[in-house]
Amino acid sequence: MAAHSASRTAGNPEGLPAHLVLGLLAEPEGLAIRALAAQGVTPEAVREAATAALPPAADEVPELVPYGSDAKKVLELTFREALRLGHHHIGTEHILLALLEFENGVGVLGGLGVDKAGVERYVEETLARIQDPRERGDAQGPEDAQGA
């Protein structure tokens with residue numbers, strides 16, 4: 001929905017990968033934004049680079065902006081990234097990884113120096129900490145908490 005809003009706001013008649021990048025910014029606490037921050041990339045830098053990559057505004061924009069072929073490909077890659085990592089959810093981190101896969105080092109994120117391997121490492125480490133109660137400092141595991 002955020003990418004759709006970014007398309008409409010920019011006056012673009014189809015959704016592009018740059019709109020998906022802008023859509024990530026709608027979730028400031030999302031794993032994607034945190035992974036970008038871990039690589040020293042600010043939301044402001046992302047917004048500036050993605051906005052600069054957009055085409056000029058069109059005279060007319062449909063109410064429901066369709067995704068263009070490149071954005072559709074990124075969305076398809078989003079599911080592949082989640083499956084490849086063995087995740088049972090789709091989050092902003094998977095969209096970010098899909099965008100990086102699609103760009104292959106040449107695009108909005110690549111231009112900011114974002115490294116896919118670094119993002120993936122950050123995502124895996126962060127999710128492992130969330131899923132492992134011992135790394136959170138919990139004294140009890142999930143099975144011990146039931147008896148408490």
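Reader: Which residues does Pro 13 touch, not counting residues up to four places away in sequence?

Author: Please keep in mind that this is a predicted model. A contact is read from heavy atoms within 4.5 Å. By that reading, Pro 13 touches Ala 58, Glu 60, Val 61, Pro 62, Val 65 and Pro 66. The C-alpha atoms of Pro 13 and Val 65 are separated by 5.9 Å, although the two residues are 52 residues apart along the chain.

Reader: What is the secondary structure of the protein chain as a whole?

Author: The protein chain comes to 10 helices and zero strands. Along the sequence, the pattern reads α-α-α-α-α-α-α-α-α-α. Of the 148 residues in the protein chain, 39% are buried. Among contacts between residues at least 6 apart in sequence, 67% join residues at least 24 apart. The protein chain exposes about 8,500 Å², and carbon and sulfur atoms supply 53% of that area.

Reader: How many residues of H2 are buried, and what covers them?

Author: In H2, eight of its eight residues are buried. They are Pro 17, Ala 18, His 19, Leu 20, Val 21, Leu 22, Gly 23 and Leu 24. The cover over these residues includes H1, helix H3 (31–38), H4, H5, helix H6 (92–103) and helix H7 (108–111).

Reader: What does His 4 touch, and what does its side chain reach?

Author: His 4 is in helix H1. Its relative accessibility is 14%, and His 4 therefore counts as buried. Not counting residues up to four places away in sequence, His 4 touches Glu 63, Leu 64 and Val 65. The side chain of His 4 also reaches the backbone oxygen of Glu 63, at 3.4 Å.

Reader: With which residue does Arg 8 form a salt bridge?

Author: Arg 8 forms a salt bridge with Glu 63, and the closest N and O atoms are 3.9 Å apart. Arg 8 lies in helix H1 and Glu 63 in the loop between helix H4 (43–53) and helix H5 (69–84), so the pair ties together parts that are 55 residues apart in sequence. Arg 8 is partly exposed because its relative accessibility is 32%. Glu 63 has a relative accessible area of 62%, so Glu 63 is exposed.

Reader: How many salt bridges does the structure hold?

Author: The structure holds seven salt bridges. One of them joins Glu 81 with Arg 84, with the closest N and O atoms 2.5 Å apart.

Reader: Why do residues three or four places apart in an α-helix point the same way?

Author: An α-helix has 3.6 residues a turn, so residues three or four places apart point the same way. Here, Glu 81 and Arg 84 both lie in helix H5, three residues apart, about one turn of the helix. Glu 81 counts as buried because its relative accessibility is 4%, whereas Arg 84 is partly exposed, with a relative accessible area of 44%.

Reader: With which residue does Glu 120 form a salt bridge?

Author: Glu 120 forms a salt bridge with Arg 84, the closest N and O atoms being 2.8 Å apart. This pair links distant parts of the chain: Glu 120 is in helix H8 (residues 116–131) and Arg 84 in helix H5, 36 residues apart. Glu 120 counts as partly exposed, because its relative accessibility is 22%. Salt bridges that share partners join Glu 81, Arg 84, Glu 101, Lys 116 and Glu 120 into one network.

Reader: Which residues lie nearest the centre of the largest pocket?

Author: The largest pocket holds about 250 Å³ of space. Of the 15 residues that line the largest pocket, Met 1, Ala 2, Ala 3, Leu 20 and Ile 95 lie nearest its centre. The elements that give two or more residues to this lining are H1, H2, H5 and H6.

How values were computed. Residues numbered from 1 in each chain as written. Predicted model: local features only at pLDDT ≥ 70, side-chain atom pairs only at ≥ 80, totals over all residues. Heavy atoms only, no water. Salt bridge = Lys/Arg side-chain N within 4 Å of Asp/Glu carboxyl O. Helix = DSSP H or I, 4+ residues; strand = E, 2+ residues; numbered from the N terminus. Buried < 20%, exposed > 50% of the residue type's maximum accessible area, 1.4 Å probe, protein only. Areas by Shrake-Rupley, 256 points an atom, 1.4 Å probe, with all protein chains shown as cover. Polar contact = N/O pair within 3.5 Å; in protein donor to acceptor, adjacent residues only side chain to side chain. 1 Å grid on protein atoms, 1.4 Å probe; cavity = no way out; pocket = protein on both sides within 12 Å on 5 of 7 lines; lining within 4 Å. Points joined across faces, edges and corners; volume = space filled by probe spheres on them.
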